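We will go stop by stop.

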Amino acid sequence: MSTSILYNIFGFRGYHITRATRKSGRIVVYIEPRRKQLCCSSCGSCHVSTAGFVERRLRSVPVGQCPTWLAITIPRLLCSDCGLTRQPRLKVAAARVCYTRAFARLVIDLASHMTLCAVAKWLGVGWDLVKSIVKSHLRRKFARPRLKDVRRIAIDEIHLGRRFKFCTIVLDLDSGAVVYVGEGRNAAALDAFWPRLQASGARIVAVATDMAKAYVSAARHRLPKAAHVLDRFHVIKLFNQTLDELRRAEIRHARGERRKLLLGTKWILLKRAKNLDHDRNEHERLRLALQANLNLMKAYYLGEELNQFWMQPSKEIAEMVLNDWYALAMASGIGRVTRFAKKLMSFRESLLGWYDEAISTGPLESVNGRIRLLQRRAYGYRDREFLALRIYAMHESIYA
Ligand SMILES: [Zn+2]
């Protein structure tokens, strides 16, 4: 068979076929390296003579539907220049593996379209082999995500299920790539990230986090020159929790008709006013519930006002809006609301950071969803490193 056909089918040059067999649906192709291309693997000299042979069997790309092996007769070469006896280096496969480079490329390509299980089944090999091929590919490509050009990041925790619990994710907000996955959700989870970031020479201009002390202080301490932006959705979520706790407390104290009006209003209260459903009479139910309870009404409108903070034309005006809001919240006299307001004001600079860089941890929510999908599709992500590598690879849309 000509070299170019061999090259096209099996992905290599410099060998010739001595024979091929087909038994019980399996093909074995016997090949030998071409003599004139043999050289010493130690010094590169081509003054070599053959001193015996060994055979190595490698899993190759299938021919049609048939699983195919290459049986390579490898000469042991005695070098007259350096005096060593060595096997020549094979172009067709890496050292110490049982498959050819072309087979590895096929596995990696298939794994970008289907699950590892499906790849293993289709090729008739073990899941472990497929995983180890994909893992070493991912390691080569993603073990050290490039940080040099990263400018704006978001840091947040994500729950990876019972086995791995929480981990901390750093997202490059401009490229959408996860650039770091750390174990746990405290400041120590980021310990390995900072030296790498520093070594990369990246100039981070802004970082978004939620209100978790660990992330806030790490961001402020490690990136003093970057704008720290408190994520608006986490702020609103916390306010909504406060509002709901207040609603439940008021229900406990209310009686009769007033109590009835408050029941079942959770989602109506937490919805933005513009999203209320006319057909379900939600406007009227909201109006009645608020009318029945003054504290709830005050807190509800404070929530509406709080949303306005992120919609101001300038930082100066936003600062005034924030001050006004704080004064109103404190004047409400509702314990839950004043506690929230005090907490919020302790993040004043980070809230105003929105007007330096309008970023949020929002994009991490979708990363979160994609990681869940990754975990659901792949049975037995028991290997934390592998899971982390797949998370890094996600933005290149490799299938789980
Ligand atoms: Zn040599």
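The tour below starts at a sheet, moves on to helices and ends at aromatic rings.

Before you click, note that this is a predicted model, where local features need pLDDT of at least 70, side-chain atom pairs count only at pLDDT 80 or more, and totals for chains, interfaces and linings use all residues. Residues are numbered from 1 along each chain as its sequence is written, and side-chain values use heavy atoms, with hydrogens and water left out.

**Stop 1: the sheet**

Switch to cartoon view. Helices (H or I, at least four residues) and strands (E, at least two) are DSSP runs, numbered from the N terminus. Two strands pair if DSSP finds at least two bridges between them. Find the open sheet of 5 strands, in the order β8-β7-β6-β9-β10, with mixed pairing. Its edge strands are β8 (178-183) and β10 (227-230), and each pairs on one side only. On average, neighbouring strands of this sheet are turned by 20° against each other, direction ignored. Such angles run from 0 to 180 degrees between N-to-C directions, and axes are lines fitted to C-alpha atoms, for helices over the stretch in contact.

**Stop 2: walk across the strands**

Select 152-159, which is β6. On one side, 3 bridges join β6 to β9 (residues 206-209), and the two run parallel. Look for I153, whose bridge partner in β9 is V207. Also, 7 bridges join β6 to β7 (residues 166-172), this time antiparallel. Here D156 stands opposite I169 of β7, and H159 has F166 as its bridge partner.

Is β7 enclosed or open? Strand β7 is largely enclosed by the rest of the structure, because 6 of its 7 residues are buried (under 20% relative accessible area; exposed is over 50%, partly exposed in between; 1.4 Å probe, protein chains only).

Next, β7 and β8 run antiparallel, joined by 5 bridges. V170 has Y180 in β8 as its bridge partner. The hairpin of β7 and β8 has 5 residues between the strands, and G176 there takes a positive phi near 80°. Then go to β9 and β10, which run parallel with 4 bridges. A208 stands opposite V229 in β10.

**Stop 3: two helices**

Select 101-111 and 127-142. These are α2 and α4, whose axes come within 9 Å and cross at roughly 90°. They are therefore roughly perpendicular (65 to 115 degrees; under 35 is roughly parallel, over 145 roughly antiparallel, the rest oblique). Show side chains at the contact (heavy atoms within 4.5 Å). F103, A104, V107, I108 and A111 of α2 meet L129, V130, I133, V134 and H137 of α4.

**Stop 4: aromatic rings**

How many aromatic pairs does the structure hold? There are 9. Rings of Phe, Tyr and Trp (its six-membered ring) pair if their centres lie within 6.5 Å; planes under 30 degrees apart count as stacked, over 60 as edge-to-face and the rest as tilted.

Select Y99 and F103. Their ring centres are 6.3 Å apart and their planes at 45°, so the pair is tilted. Both Y99 and F103 are buried.

Now take F309 and Y355. Their centres are 5.8 Å apart and their planes at 90°, so this pair is edge-to-face. The pair links distant parts of the chain, 46 residues apart. F309 counts as buried, at 2% relative accessibility.

Finish with Y180, F193 and W194, which ring pairs link into a cluster.
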